[in-house]
Amino acid sequence: DIGLPAAQHAAVASVEQALELARKVGWPLVVKPTTAERSLGVTIDIRDEEVLREAFADARKYSEHVLIERRVPGHCFRIALCGDTLLFARAHRPKGVKGDGEHTVAELADIATRDLKDQPPWFRRKPFVIDELALTSIREDGHSPDSVPAKGEFVRLRPIIKEDWGSEFELVTETIHPDNVEI
């Protein structure tokens, strides 16, 4: 423990231990392998034992032990340090679109996908699709594909950051709170 705030969590080696921990910390949960990267094997918003069993089996494909944690709302940041020097800080968000106050969510997704063609192949990201997963995320953010988000408002097309889907990030080196760097 290095003093960073974190959700209630524990590493478990069996589905029985996962179920026991779930009963102790409560729902919803997040399940992830302890040794994988890029969100491989991660399942979020688990609300019942059947889905927990499936998520545990998926995470076990990537790691002998599985981390079970209580899901809490929040943001994902990556902070890079070299010794005591802050190199950079980035805010990571799931794949999504930023409102301009003029276009609908669906139009913004189409525009973002068209803009990908202007990028060199090694910089191209995956298309911005409106599928069932996107519809769920859009609704959770209080929108529909026909909504016109305010200028600068971010609307998720995916529930979490996952390399399979792509993600968005913003450099926040200049605005990160010094307490976060100090920790």
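# A tour from Arg-156

Select Arg-156 first: at a relative accessible area of 14% this residue is buried (buried is under 20% relative accessible area, exposed is over 50% and partly exposed lies in between, with a 1.4 Å probe and protein chains only). The model is predicted, so local features need pLDDT of at least 70 and side-chain atom pairs count only at pLDDT 80 or more, while totals for chains, interfaces and linings use all residues. Residues are numbered from 1 along each chain as its sequence is written, and side-chain values use heavy atoms, leaving out hydrogens and water.

**From Arg-156 to helix H4**

Glu-140 and Arg-156 form a salt bridge, with 3.1 Å between the closest N and O atoms (a salt bridge is a side-chain nitrogen of Lys or Arg within 4 Å of a carboxyl oxygen of Asp or Glu). Glu-140 belongs to helix H4 and Arg-156 to strand E8, so the pair ties together parts that are 16 residues apart in sequence. Helices (H or I, at least four residues) and strands (E, at least two) are DSSP runs, numbered from the N terminus.

After H4 comes Gly-142, with a positive phi near 80°.

Next, select Asp-131 and Arg-158. They form a salt bridge whose closest N and O atoms are 2.8 Å apart. This pair links distant parts of the chain, 27 residues apart: Asp-131 is in the loop between H3 and H4, and Arg-158 is in the loop between E8 and E9. Asp-131 is partly exposed, at a relative accessible area of 28%, whereas Arg-158 is buried at 7%.

**The three-stranded sheet**

Colour E5, E6 and E9. These three strands form an open sheet in the order E5-E6-E9, with antiparallel pairing (two strands pair if DSSP finds at least two bridges between them). Strand E5 (76-82) and strand E9 (167-171) are at the edges with a single partner strand each, so one side of each has no neighbour in the sheet. On average, neighbouring strands here are turned by 25° against each other, direction ignored.

E5 and E6 run antiparallel and are joined by seven bridges; Ala-80 stands opposite Phe-88 in E6. Two residues lie between the strands of this hairpin, where Gly-83 has a positive phi near 65°. Strand E6 (residues 85-94) pairs with E9 in the antiparallel sense over five bridges, and Arg-93 stands opposite Glu-168 in E9.

**The four-stranded sheet**

Move to E1, E4, E2 and E3. This open sheet of four strands has the order E1-E4-E2-E3 and antiparallel pairing. Strand E1 (9-12) and E3 are the edges, each with a single partner strand, so one side of each is left without a neighbour in the sheet. From one strand to the next the twist averages 20°.

E2 pairs with strand E4 (residues 66-70) in the antiparallel sense over five bridges, and the bridge partner of Lys-32 in E4 is Leu-67. Show H1, which packs on the sheet and touches E1, E2 and E4; its direction makes about 170° with that of E1. Helix H2 (residues 49-60) also packs on the sheet, touching E1, E2, E3 and E4, and its direction makes about 20° with that of E2. Axes are lines fitted to C-alpha atoms, for helices over the stretch in contact, and angles run from 0 to 180 degrees between N-to-C directions.

Select Lys-32 with Glu-69. Their salt bridge has its closest N and O atoms 3.2 Å apart. Lys-32 lies in strand E2 and Glu-69 in strand E4, so the pair ties together parts 37 residues apart in sequence. Lys-32 is partly exposed at 26%; Glu-69 is buried at 16%.

**Last stops**

Select Pro-28, in the loop between helix H1 (15-25) and strand E2 (29-33). The peptide bond from Trp-27 to Pro-28 is cis, with omega near -5°.

Finish at Asp-45 in strand E3 (residues 43-46). Asp-45 has a positive phi, near 60°, in a residue other than glycine, and counts as partly exposed at 26% relative accessibility.

Methods. Contact means heavy atoms within 4.5 Å.
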